Amino acid sequence: ALGVVYFGYAMGAYGVQLWLPQIVQAMGFSTLATGFVVAIPFIASMAAMILWGRSSDARGERIWHVALPAAVAVGGLLVASLEPSNLAVFLALSVVLVCLLALQGPFWALPSTFLGGTAAAGGIALVNTIGTGGGGFVGPYVLGVLREATGGYALGMAVLAIGPALTATIVLALSRRMAVRPA
């Protein structure tokens with residue numbers, strides 16, 4: 001189940017990360033300006049990852065620290081698919097990146113809550129393989145195919161929203177199983 005959760009995350013994150021430079025350049029920015037503009041959400045993500053991880057650790061809570069940013073990312077992808085304004089699309093995609101990158105810390109704390117020893121090592125490897133190998137391929141590929149078919153990014157963004165929606169749904173559905181149990 002955690003592999004599918006990470007698949008959903010990776011589908012959305014890699015889809016946006018790998019296509020964002022082309023999306024920004026299509027907005028009319030030069031190659032040099034595109035590099036600087038695309039750096040903005042990643043700089044914001046650095047701070048968000050630290051702050052969101054600290055929040056998760058301080059509360060000892062992981063489920064909502066994964067589900068909430070995934071749900072916000074769904075909204076961001078849907079806004080990016082519907083909004084005609086370049087600025088709104090860029091801001092929405094920035095929110096998507098910040099949210100998806102911030103949920104990684106709390107997510108990677110989940111496997112060790114119910115796996116121990118060699119099972120944890122193997123489980124984490126399997127989760128990473130399913131997520132990165134599967135979602136990391138599907139997200140950018142689907143976005144590329146849909147962009148080629150439609151000439152724009154709107155439909156691809158809407159389809160990418162399925163990934164983080166899957167992440168939020170499964171984490172919440174399995175929250176009883178993954179919740180930290182008292183010793």
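These are my notebook entries on a predicted model of a protein of 183 residues.

**Conventions.** I worked with a predicted model in which local features need pLDDT of at least 70 and side-chain atom pairs count only at pLDDT 80 or more, while totals for chains, interfaces and linings use all residues. I numbered residues from 1 along each chain as its sequence is written, and side-chain values use heavy atoms, with hydrogens and water left out.

**Overall form.** I looked up the secondary structure and found 10 helices and 0 strands (DSSP runs numbered from the N terminus; helices are H or I of at least four residues, strands E of at least two). I then took the radius of gyration (over C-alpha atoms; the globule rule is 2.2 Å times the number of residues to the power 0.38). Along the principal axes, the C-alpha atoms fill a box of roughly 55 × 30 × 25 Å. Buried residues make up 45% of the 183 (buried is under 20% relative accessible area, exposed over 50%, partly exposed in between; 1.4 Å probe, protein chains only).

Setting aside neighbours within four places in sequence, I list Val 16, Leu 20, Ile 23, Leu 77, Ala 80 and Met 157 in contact with Leu 93 (contact is heavy atoms within 4.5 Å).

**Helix H1.** I followed H1 over its 25 residues; it reaches 35 Å from first C-alpha to last, close to the 36 Å expected (1.5 Å times one less than the number of residues). H1 bends by about 50° at Leu 20, and Pro 21 follows within four residues (the bend is the angle between axes fitted to the seven residues ending there and the seven starting there). Gly 28, which follows H1, has a positive phi near 110°.

**Two residues.** I placed Ser 45 in helix H2 and found it buried, with a relative accessible area of 1%. Beyond four places in sequence, Ser 45 is in contact with Leu 97, Val 98 and Leu 101. I placed Leu 82 in helix H3; Leu 82 is exposed, at 71% relative accessible area.
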